[in-house]
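Please keep the sequence and the structure in view while working through the points.

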Amino acid sequence: MTQSTTGKGRRTFLHELVLGAMALASAGPVALLASRSRAEDASAKKPNGKEYAFVVDVSKCIGCGYCVEACAIENNIPKESVRTWVERYISTSDGVHVEAIDRPGKMLEPPPAGLMAKARWAAFVPKLCNHCENAPCVQVCPVGATFTASGGFVLVDPKHCIGCGYCIQACPYGVRFFNKETRVADKCTWCYHRVAKGLEPACVTVCPTQARQFGDRNDLSGPVGKIYQSDNWQTLKPEMHSHSRVLYLGLPREVV
Amino acid sequence: MLPQGALNNYYFPNNLHVDWSLMIVLYPYITGLVAGAFVVSALYHVFKVKEFETFARFALVASFCFGLFAAVPLLFHLGQPFRAFNIFFTPHTTSAMSIFGYVYSSYMVLVMLELWLVYRKFFIEKANSTRGLQQLIWKVLTLGVTQTSPGALRWDHGLISLFAGIGIPWAFVLHGYVGFIFGSVKANAWWASPLMPLIFLMSAIVSGIAMLMLMYSFIRWRSGKPYDLAAMRRLMDYLWGLFILDVAFESLEVVYMFYEHGHHWAVVGPLLTGKLLGTYAIGQMAIFSGVPLLLLGYVVLFDVPDRRFIKIANFAAFCIVIQVLLMRFNVVIGGQMISKSDRGYVDFHFEWLAREGIIPALMILAAPFVTYWIVSRFLPIFKDDAISSSAAGSQ
């Protein structure tokens, strides 16, 4: 009787031991997955059901630079950096000439006559954070300070960022910078603070030609939704597989 | 020459500054010395390379001293150094960088455990032979373990071998991992290569061995004590072989990119023949790889007289520590010279006194050597050290 009880006890003990070991073994991966999917969870939650996208129509941009100025004022950007800029491409038979409106108030000089004589095409291309669905910056942030918020915004928590700069290195588009005033990583937020109040991003508001548009890509009654559905848009550096949410219309092949 | 048919040097506005500066050059350099020095110690404890008995404790103490300062450059670099512990508290595990804190600190614990076991007996002897504050300090260092029976010492020996055994893959993880942090950045054509962890690992080992050779030769020369030439010659055998592998991997990366002739070479080619011509093509590869390869080949393959061997081997070791420093510079700074625009390159400007300037970098680089000097005042590192006792550790 005693032996039987002992045997049963041992079996129970072994059984519990195995279960315990399995629980312990699975705790690591579960914890890993939990922290891994924190950023993805945030993007999965869509309280208002909106999934935002930003449309840049290259053919409409006139290179006035109002967007660059509006962004700097709205977001109080330090002088040496920009969250958005506008590139001017002039493609010639000899090669590609690129300059940028990369400071608030900066105006580009007219291109030299010799260059224009050889020009095959010219275009203004606004640049900003692509708020990638598969964002390299979110992946590499060692502390989770960069994350994807609901609606698709890729944001930086300035109170948690340690300022290591890994996200700046990982961004294929060069849109991130180290803010020397706050001493953390900084970038375009699509004016999240304005969108949360039902407003549009500052650069969209001031664009005189509607070269920049912002909205819910799933709203088929809106311009952004229609463009998204048309599937006739391009993204920058598609080979990076970061799934940009900034959709370009009429993007020339030479633009990177 | 500019890439992608560019007529002018165009870089993205936020790429104007090189964000990862000298401190990030120094960080993998010191980490490499840690891993390299540890490997020499482990070659004796685990792989029973008998000649390295001379170096076993020395390499372990040196590894510990470098390890103490491996993360200091990172603290200097961080925009928010007071938040550094976030990497422990909220590690974002999709990031290659997130577990650095755990890898590094566990490695340091391992080195300290091994060091404690090696010096345990010495600590006990000192605790028994001193009085007052000194005694208290030695007693604390014994951690309350006072057994020195033959059985206990056998246990020590077994544990030292065990920790050295665990330490080898862990040292490889520590430094291969540093290479992975760079190699996994797809946005940077000069970094994105699966060879990067291997290159970092090999260069770590050779820099550690070369630095040990220089330190050992200097210490023996200063103290006027005899050199263990058999050990030094064996060390140079290893250094030559491993440096051949290191240079082979470094060359393979570039040769592969060149032959592939794809996107990577379009931006890396003009960089290596342009802004990095001096530090990469001429410095890292031609002079500081070519010269030590030839010199070490000479001292390993030929029967070189002792005095000449010491001079040539040390010169070669010096070239290798410079080669590895240049390699760290060329990877870290060189990679950031390529703008993400793929149509331009930016300059890197050295600073002197800034937080990531040359003076702070030199001070951090000097710190492990100063620490070693202080430690060597109190611990017997070589068998013939003046402070050595009859039972100076159990090796």
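This is a predicted model: local features need pLDDT of at least 70, side-chain atom pairs count only at pLDDT 80 or more; totals for chains, interfaces and linings use all residues.

Axes here are lines fitted to C-alpha atoms, for helices over the stretch in contact, and angles run from 0 to 180 degrees between N-to-C directions. Residues are numbered from 1 along each chain as its sequence is written, while chains are lettered from A and ligands numbered from 1 in the order in which they are written.

**Helices of chain B**

- Helices (H or I, at least four residues) and strands (E, at least two) are DSSP runs, numbered from the N terminus.
- Among the residues of α1(B) that make the contact with α8(B) are B:G32, B:G36 and B:V40; the α8(B) side includes B:A204, B:G208 and B:L212. Two residues are in contact if their C-beta atoms, placed from the backbone, lie within 7 Å.
- Helix α8(B) has 28 residues and reaches 40 Å from its first C-alpha to its last, close to the 40 Å expected at 1.5 Å a residue. The expected span is 1.5 Å times one less than the number of residues.
- After α8(B) comes B:G224, with a positive phi near 70°.
- Helix α9 (residues 229–260) of chain B has 32 residues, and its span of 46 Å from first C-alpha to last is close to the expected 46 Å. Just after α9(B), B:H261 takes a positive phi of about 55°.

**The largest nonpolar core**

- The largest nonpolar core has 187 residues, of which B:F55, B:A59, B:V206, B:I209, B:L212 and B:L239 touch the most other members.
- A nonpolar core is a set of buried Ala, Val, Leu, Ile, Met, Phe, Trp, Tyr and Cys residues joined through C-beta atoms within 7 Å. A residue is buried if 20 or more other C-beta atoms lie within 10 Å of its own, exposed if 12 or fewer, and partly exposed in between.
- Leaving aside residues up to four places away in sequence, B:F55 touches B:V40, B:Y44, B:L212, B:Y216 and B:A231.

**The antiparallel sheet of chain A**

- In chain A, 3 strands form an open antiparallel sheet in the order β3-β2-β4. Both β3 and β4 (119–127) of chain A are at the edges with a single partner strand each, so one side of each has no neighbour in the sheet. The twist averages 15° from one strand to the next.
- Two strands pair if DSSP finds at least two bridges between them. Strand β2 (residues 85–92) and β3 of chain A pair in the antiparallel sense over 6 bridges.
- Opposite A:V98 in β3(A) stands A:Y89, and opposite A:E99 stands A:R88.
- The hairpin of β2(A) and β3(A) has 3 residues between the strands, and A:G95 has a positive phi near 155° there.
- Strand β3 (residues 96–101) of chain A is mostly covered, with 5 of its 6 residues buried.

**The mixed sheet of chain A**

- Another open sheet of 3 strands in chain A has the order β9-β1-β10 and mixed pairing. Its edge strands are β9 (212–216) and β10 (246–249), each pairing on one side only, and the twist averages 25° from one strand to the next.
- Strand β1 (residues 52–57) and β10 of chain A run parallel and are joined by 4 bridges; the bridge partner of A:V56 in β10(A) is A:Y248.
- Helix α9 (residues 223–230) of chain A packs on this sheet and touches β1, β9 and β10, its direction making about 90° with that of β9(A).

**Loop residues**

- Most residues other than glycine have a negative phi.
- Although not a glycine, A:C191 has a positive phi of about 50°. A:C191 lies in the loop between β8 (184–186) and α7 (192–195) of chain A and is buried, with 23 other C-beta atoms within 10 Å.
- B:D342, also not a glycine, has a positive phi of about 60°. B:D342 lies between α12 (306–337) and α13 (358–378) of chain B and is buried, with 21 other C-beta atoms within 10 Å.
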